[in-house]
Amino acid sequence: MRQFLRIIAVFATTAGLSLGAAAQQPFADVGKQPPITILVASTPWYPAFEKVVGLYEQQTGNQVKLDTTPFGGMLEKARNAVRTGKSPYDLMFIDTQWTIEFYEGGFLAPLKEIDPTFDMPKEVLTYGDSGYWNAQKRWRTADGGKLMAYTVLGNVQLLYYRPDLLKQAGIAPPKTWAEVAAACARLTDPPKMYGFVVRGEKGNGIRYDWQSVMLAEGASVVKDPAGGDYTVTINSPQAKAALDLYIDLLKRCGPPNYGTLGQGDVIQLLATGKAAMGDVVTAAFASFEDPAKSLVVGKLETVALPAGRGGVFGAVIGNWNAVIPKDAPEAQKKAALAFSRWFLTSAAQRAFAQAGGIPNRSDVYTSDLAKEPRLRWMPAYLETQKFAKQELGYAEGAQVEQILGLRLNQAAIGEMSSGKALNTAAKEIEELFGKNGRKTGALPPLPE
Amino acid sequence: MTRSSFVSRSFKHWSLLPGVLLLAALTLYPLANLVRMSVSTIEFAEGSEIWRFTPRANLAQLLADDVLRPALVNTLVFVVVSVAAEMIIGLALAIAVAGLVRGKQWVRTAMILPILVPPVAIGSMWKLMYNYDFGIFNQTLTALGLAPVNWLGSTSLALTSVIVVDIWHWVPFVFLILFAAVEGLPTDLLEAARVDGATRWQVVWRIMIPLLRPAIIVAFLFRTILAFKVFDEVYLLTSGGPGTATELVNLHLYKVFFEQNQLGYGALLSLAVIAAIVAFLVTARHVSVAVRAQ
């Protein structure tokens, strides 16, 4: 609730800015800086970031070397960089799921320790305080936490849909998951058309996408991790309802290989016009508007992910955070921070959005840019920020993801019932927390 | 013994020292460190490593690991089926191509191609071909009026699909070893058998294969070791799914070590894999000696 109010306050503050003023806000003057190296993942938004970096080099004369790495190799490169004592990178972009390991390990330089005058512009979205670390609470929060990172790109899932197909079938864009299920029943005509596609693949894919439905059904993985209560609640009746609904959507609305459907597959099905609706990251929008990659240019619209039965909305944030390794030379740290100051300006974020990226400033979303047809995803994105949450924000997050990623997939492909999958996951997660000395417990098992 | 003769005699031993030291540095030290890690829990705080001695906890985790059991079974099935198929197809191809009068070099060159393709490219290429909606296999089946097949998404078919890729990749390796061996067989012996009225099958079964045994054993050993180590293709094709249908030990090891950052338990799993391969090699050596003795 507090996060929601903060976001509303930020939007209210920035919405007053005139469109022209936002456009005219200057880039930061960061002076002459030594060359820096950035570790960045090869992602759908990388071309946009590369363009913005080119603009930085052109404007400032400062040089930036980009080490572009496939997603699968990013974590290892980042780990090696900080564990060897002399980081080859001055700035690293790490997935929000990995940040806890780096924060807890003490590998990163708090941004204010590099330059006490550094402050995050108030317009920059905090994405659930993922850049702050409270070491005492072992939790990502601005409340008593140090600023360790800022979000380079905040991805949330959106519901993509084909208005032409929905109109033809006389269906309005779904606002609840039940409406998605009902719409898909009318739109699905396999193998020509799948009504709704979403990731079912084992691991991060199913865990991440299912959690949006889980949140919408009012369920959680852990009772109150921020308050130190790690009682496992994943085998609640609400979580089971969310899983049953998700499995129904996978089986009834998607292709028969739903159990291995990954992000690339979901994007491919939408881009080739074989899916009427899909649950996909915001960053994919630019590729749907690229005629070289898409058969549905101008045909896809977005809304925030639907609500659950109780009218609650849910979405999980999956952002990339920019961090500065503690063991980078001091001059390099300052140069990395100088680049960050420039990148966080409204002008740079506008340039990022125009190049196909997802800006991290609220004022860009309330500017004239939001009216451009190719950026028509912006209102849905902004709406999602009101309820989107960070999940698995504890040291055991990676292991919990492995557990959930396997058990949810096993339920989806019918290897075990949804009740058994959630009971098994709950037992494994409770053991994990118990082993690490957390205050934990579990709910009574679900009927299997 | 004079000093000079002692120096000249011992020189050959001393000259090996740099190599021995290098070997120790590159193999023994990492192995010793792996053993040390396998009995520890390693965490990081304040930018430094913290090691705790937890052999029992690591062993208990190994015994209670729910994913390890299907991974072991899958690995065993993968190794046995893929290596057996590769040996049979590779041997048949080697004998068939050796019998060609013309075009042997072309066939040999073409056969090398799959080995030259990086496993990452192979995984991506086959994933596209296996794609349910857009893959060439299902496009062909649909064009023929048949139902598309869920190659990688079906729990009963996924491992077979992965094995097919491995067979495609590594048959040429077996072929090349055995082809060279077939080409080196004494032609007079084969000719004599034919003159004596042996059929083609009898020549192959009773003369060629017994003579090829050493080469077959070498190819078999190499392939088995490599099959135990398979990772890239499976990671790209299925990542071990759906469920645990294609979960292999190396894939599980990767997830434990790199994705979950459990360095101690990951090291213990590594040692278990190394022990399994060593046990296999020792067994294979005994079998090989017994076969030669026959």
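This section describes the confidence, domains, strands, cores and chain contacts of a predicted model.

Confidence was examined for chain A. Its mean pLDDT is 92, and 94% of its residues reach 70 or more. Two stretches of chain A fall below 50. Residues 1–5 of chain A stay under 50, and the model gives them three contacts beyond four places in sequence. Residues 7–24 of chain A are also below 50 in pLDDT; this stretch has 23 contacts in the model beyond near neighbours in sequence.

Chain A is divided into two parts: domain 1 (24–155 + 318–389) and domain 2 (157–316 + 394–442). The C-alpha centres of these domains of chain A lie 27 Å apart. Across the boundary, 23 residues of domain 1 of chain A are in contact with 25 residues of domain 2 of chain A. On the domain 1 side, α5, β6 (149–161), α16 (378–384) and β12 (388–389) of chain A each supply at least two residues. The most come from α16(A), with four residues. By class, the domain 1 side that touches domain 2 of chain A holds 11 nonpolar, seven polar and five charged residues.

Of its 13 residues, 13 are buried, so β6(A) is largely enclosed by the rest of the structure. Its pairing involves several strands. β6(A) runs antiparallel to β11(A) (residues 315–323), with seven bridges between them. In this pair, A:V156 has A:I317 as its bridge partner. β9(A) (residues 277–281) is also antiparallel to β6(A), and five bridges join the two. Here A:L159 is partnered by A:D279. With β10(A) (residues 301–303), β6(A) forms three bridges, again in antiparallel orientation. A:Y161 stands opposite A:E301 of β10(A).

Nonpolar packing was considered next. In soluble globular proteins, nonpolar side chains tend to be buried together. The largest nonpolar core of the model has 143 residues. A:L158, A:L270, A:M277 and A:F339 have the most contacts inside this core. Both domains of chain A take part: domain 1 and domain 2 each give at least three residues to the core. A second core is separate and has 50 residues. Its members include B:A181, B:A215, B:V234 and B:L269.

Helix α14 of chain A (residues 346–354) gives a further case of burial. Seven of its nine residues are buried, so α14(A) is largely enclosed by the rest of the structure. The buried residues of α14(A) are A:S346, A:A348, A:Q349, A:R350, A:A351, A:F352 and A:A353. Just after this helix, A:G356 adopts a positive phi of about 110 degrees.

The contact between chains was treated last. In the model, 27 residues of chain A are in contact with 23 residues of chain B. On the chain A side, α4 (71–83), α5 (99–105) and α17 (397–412) each supply at least two residues. The largest share is that of α17(A), with six residues. The chain A side that touches chain B comprises nine nonpolar, 10 polar and eight charged residues.

Notes
Residues are numbered from 1 along each chain as its sequence is written. Chains are lettered from A and ligands numbered from 1 in the order in which they are written. This is a predicted model: local features need pLDDT of at least 70, side-chain atom pairs count only at pLDDT 80 or more; totals for chains, interfaces and linings use all residues. Two residues are in contact if their C-beta atoms, placed from the backbone, lie within 7 Å. Ala, Val, Leu, Ile, Met, Phe, Trp, Tyr, Cys and Pro count as nonpolar, Asp, Glu, Lys and Arg as charged, and the others, Gly among them, as polar. pLDDT is the predictor's confidence in each residue, from 0 to 100. A nonpolar core is a set of buried Ala, Val, Leu, Ile, Met, Phe, Trp, Tyr and Cys residues joined through C-beta atoms within 7 Å. A residue is buried if 20 or more other C-beta atoms lie within 10 Å of its own, exposed if 12 or fewer, and partly exposed in between; C-beta atoms are placed from the backbone. Domain bounds come from an automatic or database domain assignment. Two strands pair if DSSP finds at least two bridges between them.
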